[in-house]
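Hi everyone, thanks for coming. Let me put the model up on the screen, and then we can walk through it together.

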Amino acid sequence: MQQFKQLTDRIWYQTPVSETDRPIVAVITGDERNLVIDAGNSSRHAALFVDEMEQQGLGKPDLVALTHWHWDHVFGMKQMAVPTIATNRTVDEMRKMIDYDWSDEALAERIQQGIEIPFCADAIKLEFGATRDIELVLPTIRFTGELEIDLGGVTCLLRQVENDHSPGSALVFVPQDRVLFLGDAMYADIFSAKWNYTVEQTTRLLDVIAEYDADYYVWSHGEAMPKDTFEQEVHVLRHIIEVTKQAEGHVSEMRRLYRELVGRDLTTDEEETLVFFANGAKK
Ligand SMILES: [Zn+2]
């Protein structure tokens with residue numbers, strides 16, 4: 001069951017669902033207008049979010065900012081029915097999808113061609129069942145680099161950031177409430193045969209994130225993570241980046257160096273991340 005939670009004075013969010021790959025959808029409530037972050041993975045998802053907003057007395061969405069082009073963040077756009085903001089790079093990717101057929105056959109064919117992945121196809125089938133009433137619309141407001149949005153009493157900063165998961169992703173920072181929305185930027189590249197992180201992209205991403213001082217870091221398929229927990233995650237990534245460079249991507253040597261560095265065995269999460277970096281080193 002999805003929950004609708006208040007994070008700070010101005011920010012509310014709906015929790016994600018892993019089976020159907022519903023990401024977090026959030027709203028920043030201004031005195032003049034509301035900015036919703038991501039449109040949800042379906043009309044049903046978007047409608048549920050808008051209902052929750054109304055039930056909490058927050059009014060309606062006025063604008064939607066997309067973190068990136070992946071289906072689970074954009075398929076609710078039509079239902080949101082308000083102007084949508086995205087990076088030009090995100091719009092370019094969405095243009096490729098606009099005429100796609102979402103039937104089982106079409107999904108299977110795109111998996112064959114290496115354009116789609118089973119992970120997304122399975123979640124689409126679960127979210128939509130047999131009725132694939134998917135109508136993709138393109139964003140209204142497009143930008144490259146940075147964009148500032150005044151909602152009245154609160155400002156949101158959108159920042160384009162390179163990363164392995166989805167080129168052209170946008171982070172959303174709300175300085176007043178000290179919250180940074182990461183979208184999926186911290187996740188690996190899942191569209192390659194082997195899921196991976198690269199040293200270059202992750203280093204650049206972490207450097208950009210370090211420019212923002214937040215109390216909460218929101219991972220779209222996870223949670224609103226408090227600063228100290230997020231810093232631990234960053235610490236692990238920086239360590240793994242270091243051993244990836246030292247071992248030039250040789251996985252057993254990376255493991256050995258990492259064990260030496262932290263003075264214990266790797267956790268399951270660390271092992272997974274380490275293997276993703278080894279995969280990335282072979283790209
Ligand atoms: Zn994604």
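How many aromatic pairs does the structure hold? There are 15 of them, and please keep in mind that what you see is a predicted model.

Let me pick out one of these pairs. Trp69 and Phe191 sit with their ring centres 5.8 Å apart and their planes at 45°, which puts the pair in the tilted class. What I like here is where the two partners come from. Trp69 belongs to the loop between β5 (63-65) and α2 (71-74), while Phe191 belongs to the loop between β11 (179-183) and α7 (199-209). The two residues are 122 residues apart, so the pair links distant parts of the chain.

Now, the annotation. An unreviewed UniProt entry places the feature "domain: Metallo-beta-lactamase" at residues 21-221. In the model, the end C-alpha atoms of that span lie 8 Å apart, and the span is 31% helix and 23% strand.

On to the helices, with α8, residues 227-246, as our guide. Let's begin with its contact to α7. The axes of α7 and α8 come within 11 Å and cross at roughly 150°, in a left-handed crossing. On the α7 side, the contact includes Val199, Leu206 and Ile209; on the α8 side, Phe230, Val234 and Arg238 are among the residues taking part. By class, this contact has seven nonpolar, three polar and three charged residues.

Next comes α9, residues 251-262. How are α8 and α9 oriented to each other? Their axes are 9 Å apart at an angle of about 135°, and the two helices are therefore oblique. The crossing is right-handed. From α8, the residues Val236, His239, Ile240, Val243, Thr244 and Gln246 meet Met254, Leu257, Tyr258, Leu261 and Val262 of α9. Here the class count is eight nonpolar, three polar and no charged residues.

Finally, α10, residues 268-281. Its axis and that of α8 come within 10 Å and cross at roughly 45°, which makes α8 oblique to α10. α8 passes α10 in a right-handed crossing too. In this contact, Val236, Leu237, Ile240, Ile241, Val243 and Thr244 of α8 meet Glu270, Thr273, Leu274, Phe277 and Ala281 of α10. That gives eight nonpolar, two polar and one charged residues.

Thr244 is listed in the contact with α7, in the contact with α9 and in the contact with α10.

Technical notes: Residues are numbered from 1 along each chain as its sequence is written. This is a predicted model: local features need pLDDT of at least 70, side-chain atom pairs count only at pLDDT 80 or more; totals for chains, interfaces and linings use all residues. Side-chain values use heavy atoms; hydrogens and water are left out. UniProt positions are given in the numbering used here, feature names are shortened, and annotations may be inferred rather than shown by experiment. Helices (H or I, at least four residues) and strands (E, at least two) are DSSP runs, numbered from the N terminus. Axes are lines fitted to C-alpha atoms, for helices over the stretch in contact, and angles run from 0 to 180 degrees between N-to-C directions. Angles under 35 degrees count as roughly parallel, over 145 as roughly antiparallel, 65 to 115 as roughly perpendicular and the rest as oblique. A crossing is left-handed if the near helix is turned anticlockwise from the far one by less than a right angle, and right-handed if clockwise. Contact means heavy atoms within 4.5 Å. Ala, Val, Leu, Ile, Met, Phe, Trp, Tyr, Cys and Pro count as nonpolar, Asp, Glu, Lys and Arg as charged, and the others, Gly among them, as polar. Rings of Phe, Tyr and Trp (its six-membered ring) pair if their centres lie within 6.5 Å; planes under 30 degrees apart count as stacked, over 60 as edge-to-face and the rest as tilted.
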